[in-house]
Amino acid sequence: MAPLVQAIHLEFSHNLPGDIFVYKGNVDPDWTVGAVPNGGYVLSLILEAAVKHQSPKAHPDPIHVTAHFLRSAATSTFEVHIHILKAGRGFTNLTANLVQNGEVKVMTHMVFGVLASPSDPTTPTLTVEPPSPYARRIPLYTHPSKCSPDRPEWRFGYSKYIQTAHCPVHVKNAEIPREGMEWGLYLTLTDPSEQWTTSAIPFATDTFRALHQVVPSHKDVRRVSWAPTMVMTIEFKFPIPKPSSPDHSPRTVAVYSSGRFINDPQARHDTYIEIWTAPSNIGEGSEQGDWREKQRCLAVSTQMALLVPMEVNKRRGEKAQAGSKL
């Protein structure tokens, strides 16, 4: 039981025939929604294995991740099996699958490359960022120092390790019915020793407000429901700033989300997510006039998820735990 970055820990174990590299770790029991590990946290474990594997190579940074969640993971030991599909000049393609008790629980395809811009000043840059008028700015409009922390969510086993605060502008806008939904919140790691890492970003992409959470007629359903992820994609954009940056908090990110559709059966719904740097922790610091100009998008993500009764969550958690003890 540990804070996020400490809970994303695993080590190389051995090789398998067919050029498969195996990493081993433990799914932390705190990082659950009800009885099932949070999907973003599980994907962070897989990504950490791939990052460890790629760190000494020419392509050390994740560029794109596609994950399919086949079965619920258990809070027990696991393996990540990595296989290199192609190592080219600019990118490396690989598969990384989370395996428990001989079953693949999550399968992923990842693209690794180099995330930082070339340091050679003679190399032309095509990056579009502020102050360019074409660059997207952080889609949260209230400084985190002026946002009020939310109450902990009862079904999140990891509530003590994080703090969230919703952007008042998005809260106000959601009061007026409109096509789809847009939302913004800040997400802070509460342990002072923690800081956001690339491998932790998948957890952030799975901490958002979805369309079913703002539709008034869905209120009674969502109180007793669970939203398991089926498919998640992540594309990494800008590198995480250094902890010493005066313009960014190392422990807080901003999460923007939008949703457009919910379809029966199982209330299948889509969500688009952006993860941004944040200028301070929630309730700390002071607003500077140009703070929005200095924030950068760390990743964009899409997700397909369902909405099912919490009883399903309990059954899947029990089944996964029983399988892990066989």
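These are my notebook entries on what I looked up in this structure.

**Entry 1: ground rules.** I am working with a predicted model, where local features need pLDDT of at least 70, side-chain atom pairs count only at pLDDT 80 or more, and totals for chains, interfaces and linings use all residues. Residues are numbered from 1 along each chain as its sequence is written, and side-chain values use heavy atoms, with hydrogens and water left out.

Entry 2: I started with the UniProt record, an unreviewed entry, which lists residues 28-112 as "domain: Acyl-CoA thioesterase-like N-terminal HotDog". UniProt positions are given in the numbering used here, feature names are shortened, and annotations may be inferred rather than shown by experiment. I found this stretch to be 19% helix and 51% strand, with its end C-alpha atoms 26 Å apart. Helices (H or I, at least four residues) and strands (E, at least two) are DSSP runs, numbered from the N terminus.

**Entry 3: around strand 8.** Which strands pair with strand 8? Strand 5 joins strand 8 through 8 bridges, running antiparallel, and here I saw His68 partnered with Met107. Strand 7 (residues 92-100) is also antiparallel to strand 8, over 9 bridges, and Thr92 has Phe112 as its bridge partner. Two strands count as paired if DSSP finds at least two bridges between them. The hairpin of strands 7 and 8 has 2 residues between the strands, and Asn101 there takes a positive phi near 55°.

**Entry 4: salt bridges.** Side chains of opposite charge can pair when their charged atoms come close. I counted 13 salt bridges, each a side-chain nitrogen of Lys or Arg within 4 Å of a carboxyl oxygen of Asp or Glu.

- Glu103 and Arg71 meet at 3.6 Å, N to O. This pair links distant parts of the chain, 32 residues apart: Glu103 lies in strand 8 and Arg71 in the loop between strand 5 (61-69) and strand 6 (77-87).
- Glu293 and Arg137 meet at 2.8 Å, N to O. They are 156 residues apart, with Glu293 in the loop between strand 15 (268-277) and strand 16 (297-305), and Arg137 in the loop between strand 8 and strand 9.
- Lys172 and Glu175 meet at 3.5 Å, N to O.
- Asp247, Asp290 and Lys294 are linked in a network.

Buried or exposed: what is Arg137? I noted Arg137 as buried because its relative accessibility is 19%, and buried means under 20% relative accessible area, exposed over 50%, partly exposed in between (1.4 Å probe, protein chains only).

**Entry 5: His143.** I found His143 in the loop between strand 8 (103-113) and strand 9 (162-166). His143 is at 2% relative accessibility, so it counts as buried. Its side chain makes a polar contact with the side chain of Ser145 at 2.7 Å. Leaving aside neighbours within four places in sequence, His143 is in contact (heavy atoms within 4.5 Å) with residues including Tyr186, Pro279, Glu284 and Trp291. A polar contact is a pair of N or O atoms within 3.5 Å; within protein, one must be able to donate a hydrogen and the other to accept it, and residues adjacent in sequence count only if both atoms are side-chain atoms.

**Entry 6: cysteines.** How many disulfides are there? I counted 0, a disulfide being a pair of cysteine sulfur atoms within 2.5 Å. The sulfur of Cys167 has its closest cysteine sulfur, in Cys147, 5.9 Å away, so the two are too far for a bond. Cys297 is in no disulfide either, as its nearest cysteine sulfur, that of Cys167, is 16 Å away. Cys167 is buried at 0% relative accessible area, and Cys297 is buried at 9%.
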